[in-house]
Amino acid sequence: MRIIEAKDYADMSRKAAGIIAAQVVLKPECVLGLATGSTPIGAYDRLVEMYEAGDLDFSGVSTANLDEYKGLDRENDQSYYYFMHKHLFDRINIDPVRTNVPNGMEPDSGKECRRYEELIESLGGVDLQLLGLGHNGHIGFNEPAEVFDKETHCVDLTESTIEANKRFFASVDDVPRQAYTMGIGTIMRARKILVVASGEDKAEIVAKAFYGDVTPAVPASILQMHPDVTVVADAAALSKIPR
């Protein structure tokens with residue numbers, strides 16, 4: 001695992017975007033695993049700037065997003081489909097047919113989870129998986145549990161995750177209670193993993209996830225077992241790691 005310290009959020013975003021851009025340049029037909037949330041937005045903005053400057057071509061890239069709320073349609077401005085189009089897909093030259101997000105409107109959980117696993121396999125797997133880090137150590141919507149969930153599954157969101165996400169909705173009652181998410185095993189099969197973290201509020205979980213015990217109680221801790229993980233975090237998020 002490589003830990004790259006950035007000065008601040010903007011520097012973290014530049015460094016993370018540089019790693020993603022290098023993957024696209026080295027393998028123009030790569031498969032990117034993408035994440036939502038506030039932390040990756042700066043990196044997406046930087047990738048758009050590179051594209052607009054003529055330095056990046058996304059025409060051959062395919063994507064597979066980590067997760068999606070169950071029960072939100074694609075037109076809902078809180079769906080992750082909407083988020084990805086707003087912050088990245090509609091701003092670059094990626095082929096919409098090559099972009100993939102779990103279908104939150106599929107009521108049959110087993111059917112949708114099987115479909116998404118088969119889709120990722122049909123793409124040849126993920127070359128570079130981008131991850132954020134939840135305050136309780138979740139990656140995607142893999143919440144703290146007794147075991148690591150291996151494949152794409154439907155998860156009941158914890159109260160802490162619902163609380164963290166309620167700022168995006170009119171009220172806490174509007175926050176979905178379930179989501180489709182890639183499983184820990186699905187994430188771990190990515191050839192490379194890039195984790196981004198920013199802010200003092202992430203310092204405790206960064207230290208716990210990457211320097212503590214590997215346990216499903218801290219889902220991100222499993223990344224310690226992956227052969228190619230890079231963590232890009234600002235100084236505040238790294239303030240509690242052992243020196």
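## Helix contact, aromatic cluster and sheet

In helix H2, the residues Ile-41, Tyr-44 and Val-48 meet Phe-83, Met-84 and His-87 of helix H3. By class, this contact of H2 with H3 comprises five nonpolar residues, one polar residue and no charged residues. The model described here is predicted. Helix H2 spans residues 41–52 and helix H3 residues 80–87; they pack at an angle of about 40°, and their axes are 10 Å apart. H2 is therefore oblique to H3.

Across the whole structure, a search finds four aromatic pairs. Two of them involve Tyr-69, as listed here.

| Pair | Geometry | Centre to centre | Angle between planes |
|---|---|---|---|
| Tyr-69 and Tyr-80 | tilted | 4.9 Å | 40° |
| Tyr-69 and Phe-169 | edge-to-face | 5.8 Å | 75° |

Because Tyr-69 lies in strand E4 (residues 67–69) and Tyr-80 in helix H3, their pair ties together parts that are 11 residues apart in sequence. The pair of Tyr-69 with Phe-169 links distant parts of the chain, 100 residues apart, since Phe-169 lies in the loop between helix H5 (159–165) and strand E7 (178–181). Tyr-69 counts as buried because its relative accessibility is 2%; Phe-169, at 12%, also counts as buried. Tyr-69, Tyr-80, Phe-141 and Phe-169 form one aromatic cluster.

Six strands form an open sheet with parallel pairing, in the order E1-E9-E8-E5-E2-E3. Its edge strands are E1 (2–6) and E3 (62–65), each pairing on one side only. Within the sheet, strand E5 (residues 128–131) and strand E8 (residues 192–197) pair over four bridges, and Gln-129 has Ile-193 in E8 as its bridge partner.

Technical notes
Residues numbered from 1 in each chain as written. Predicted model: local features only at pLDDT ≥ 70, side-chain atom pairs only at ≥ 80, totals over all residues. Heavy atoms only, no water. Pairing = 2+ DSSP bridges. Helix = DSSP H or I, 4+ residues; strand = E, 2+ residues; numbered from the N terminus. Axes fitted to C-alpha atoms, helices over the stretch in contact; angles between N-to-C directions. Parallel < 35°, antiparallel > 145°, perpendicular 65-115°, else oblique. Contact = heavy atoms within 4.5 Å. Nonpolar A, V, L, I, M, F, W, Y, C, P; charged D, E, K, R; others polar. Phe/Tyr/Trp six-rings, centres within 6.5 Å; stacked < 30°, edge-to-face > 60°. Buried < 20%, exposed > 50% of the residue type's maximum accessible area, 1.4 Å probe, protein only.
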